[in-house]
Amino acid sequence: MDLNYSQEDLGFQSEVRAFMKDKLPQHLADRVRGGAEFTKDDVEEWHAILNANGWLAQNWPKEFGGAEWNAVQRHIFEEEAALSNAPRIVPFGLSMLAPVLQKFGSKEQCDHWLPRILNGDDWWCQGYSEPGAGSDLASLKTRAVLDGDHYIVNGQKTWTTLAQHANMIFCLVRTNTEVKNQEGISFLLIEMDTPGIEVRPIVLLDGGAEVNEVWFTDVKVPVENLIGEQDKGWTYAKYLLTHERTNIAGVGFSNAGLEAVKRMAKSEMSGGRPLIENPHFAARIAQVEIDLMAMSLSNLRIVSQAAKGGAPGLEASMLKVKGTIIRQEINDLARRAAGSYALPFASEAVEGANEPPFGPDGAGPVAAQYFNNRKLSIFGGSNEVQREIIAKTTLGRMQ
Amino acid sequence: MNFELTEERQMLQDTLRRFLSDKYDVPTRNAILESDTGMSVDLWAQLAELGILGALFSEDDGGFGGAGFDIAVVFEELGRAGVVEPILETCILGGGLIASLGNETQKGLLESIIGGETRLALAHGEPRSRYDLSRVETTYAAGKLTGHKAMSLGAPNADHVIISARESGGIDDPHGISLFLVPVSQLEMRTTPIMGGGTAADIYLNGVSVSEGKRLGAAGEAFAHLETVFAAAITATCAQTLGGMESATRLTVEYLQTRKQFGKAIGTFQALQHRLSDMLIELEQARSAVIGAAGYLGADTRLRDRYASAAKNLMGRAGRMIAEEAVQMHGGIAMTQEYELAHLTKRIIMADHMFGDTDHHLERFIALSAA
């Protein structure tokens, strides 16, 4: 047992720290710290900076132009990025579609799409969920019918994150209705400007519009945009979901969030003393910090297992559940710390949001973040689905 | 012992419930939320005409109610429908202070408040006071108000704002605090819509001239009266939150019965059934906490404040649990602004940031219990 990073890992950590110090633009870090929503330009700027250093495609094999970092290195990067207030890397092309292409796509598809992901030529979004297919994703109904050298797609996707920026969508579609749900699904790549596609924004409870409905009416998709075999899409989708679970614990976000809570609790006053000295508030902070320290070690145990090639199974589900509980608890502490200054509706969607926020530094977005991050326990396989996986895996082992 | 509402209050509840279900549907409310003022003047006039504002005042003050259970009945219904108009600010805080402290001239305002022609707000909290009621740094000296008031609820839509200021004593001395009734036109304020509806303002008092005639009650003697209206405001907020929790729970029950995944209604899954049961249990706790606060609102101050703080603490916990569980069991749909639950959730949670949060009232309950 050694709880410390190896010399090699420590070297990597200093390299990442230096990179963040030199290359992360101040205006982007300020926006992250202020809780601002990201524009397409912001994301593309940060992606380009990472790509210029060869650090954008962190989990890709070198043969495709990736950094091929192991799980520990990726963890170190995520930790440092969160502490430096670096923008999140938008994962749809890079860490969701790309691994599927590399594993199941043709050489032509890889040669065409992968460089475009790296260069930022394409912005991908994910067409998975439907109004009737959430936790039960395999019941999806968007239909694709082969007609000569094209599929004709009809149906509706929902909760499509950042579809308003995307020029490409990877979609799960039903190509066979005669077999059981999981066996009639195919994986298609669709250009967003194809006639018959309509994107409708969904305004969320915090006033932001990061998700959309995407409607398909007789959309023609060339057959060469099918990944792998027809009707085998569920296998590819499941493979993708295992990649969606990297950084599932969100330790970096939690560390940064907890630091922000402490900063605010030092400046906010309670009974004439800093709030951080208030025994009840101090206890709340300590409680979540204790949970976070343990979860952080759990995360490292699993990450280090994965770096040696072990595939996380139910452990990933455990990290998802515990990680989201902790992140949501930190959001809850942040809103408490802000006191009455959590009240303003400070969404960027509201006119005049360019004015400085009310109250102490950092209070502006706390309420919006609390409400917005209710999504953490809902998306990417809800916490209920994760608990099912944990129980079924364990009880299955008993049999 | 009798836990039934009186006939009059039953009628008040029925009238208001029927009125809001006819006149305050979700599209109407969403349009109000998006309007510049964040409230409906028409609806305000109709509520006044219906006698809802009058139900919050005693007969002596020109109303026909004003007791704890009148407040609880009205605000539970307002909360059930997610009403965002500044009734609490105007009637419970502003009207309550004028009724208990105003001279005959100042009390003249009560008629126009009950008639729906005048709205009030209270500016008491400050950036460094957090939820402490006695901590007032704003001063009144030589006829001028100087200080900074934080998040004065309803001030953007008020005609007059009641401003607390210190005339003597140390920074957190209960003695020495006075209240002044100031026309809104004299105030420099920065306004904001608030999460979940309604408005608030920070008020910057840079030596605002206010004559002594604008003082409510005797110099330096306002604290006990502030405590009294805060007890009423806590009762009202808790009742409003209870109404919101009832609606959130009802929506969750309906959703569990109708939403299908894996070929059946998700309410058939035991993992969700047990969580719904816990919500229903907490809802009953919450209902009792509100009855306690309302029932002891007229009692001696220690008994009153123990029940008020107990209720606010319990609502903070139960409200959060119900709001979060309702959203979680709905999934993504509950995250959308246009769905009713999103609005209710925001109101339930943001109530924890008004009149003292869960922790504040836990500490206050401990202090009151030791006294």
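This briefing walks through some helix packing, a nonpolar core and a chain-to-chain contact in the structure above.

The model is predicted: local features need pLDDT of at least 70, side-chain atom pairs count only at pLDDT 80 or more, and totals for chains, interfaces and linings use all residues. Residues are numbered from 1 along each chain as its sequence is written, while chains are lettered from A and ligands numbered from 1 in the order in which they are written. Helices (H or I, at least four residues) and strands (E, at least two) are DSSP runs, numbered from the N terminus.

**Helix 10 of chain B**

- Of the 11 residues in helix 10 of chain B, 10 are buried, so this helix is largely enclosed by the rest of the structure. Buried means that 20 or more other C-beta atoms, placed from the backbone, lie within 10 Å of the residue's own.
- The buried residues include B:His343, B:Lys346 and B:Arg347.
- Their cover includes helix 11 (366-372) of chain A, along with helix 7 and helix 9 (301-330) of chain B.
- Helix 7 (residues 223-258) of chain B packs against helix 10 (residues 340-350) of chain B at about 145 degrees, with the axes 9 Å apart. Axes are lines fitted to C-alpha atoms, for helices over the stretch in contact, and angles run from 0 to 180 degrees between N-to-C directions.
- Among the residues that meet here are B:Gly244 and B:Ala248 from helix 7 of chain B, and B:Leu344 and B:Ile348 from helix 10 of chain B. Contact means C-beta atoms, placed from the backbone, within 7 Å.

**The nonpolar core**

- The largest nonpolar core has 219 residues, and B:Ile162, B:Ala293 and B:Ala311 have the most contacts inside it. Such a core is a set of buried Ala, Val, Leu, Ile, Met, Phe, Trp, Tyr and Cys residues joined through C-beta atoms within 7 Å.
- Helix 7 of chain B gives the most to this core, with 15 residues.
- Leaving aside neighbours within four places in sequence, B:Ala311 touches B:Ile234, B:Cys238, B:Ala289, B:Val290, B:Gly292 and B:Ala293.

**A helix pair in chain A**

- Helix 8 (residues 251-267) of chain A and helix 9 (residues 279-307) of chain A pack at about 160 degrees, with their axes 11 Å apart.
- The two helices are therefore roughly antiparallel, a label for angles over 145 degrees.
- This contact includes A:Leu258 of helix 8 of chain A and A:Leu292 of helix 9 of chain A.

**Where the chains meet**

- Chain A puts 34 residues into the contact and chain B puts in 35 residues.
- Strand 8 (269-270), helix 9 and helix 11 of chain A each give two or more residues to the side of chain A that touches chain B.

Methods: Two residues are in contact if their C-beta atoms, placed from the backbone, lie within 7 Å. A residue is buried if 20 or more other C-beta atoms lie within 10 Å of its own, exposed if 12 or fewer, and partly exposed in between; C-beta atoms are placed from the backbone. Angles under 35 degrees count as roughly parallel, over 145 as roughly antiparallel, 65 to 115 as roughly perpendicular and the rest as oblique.
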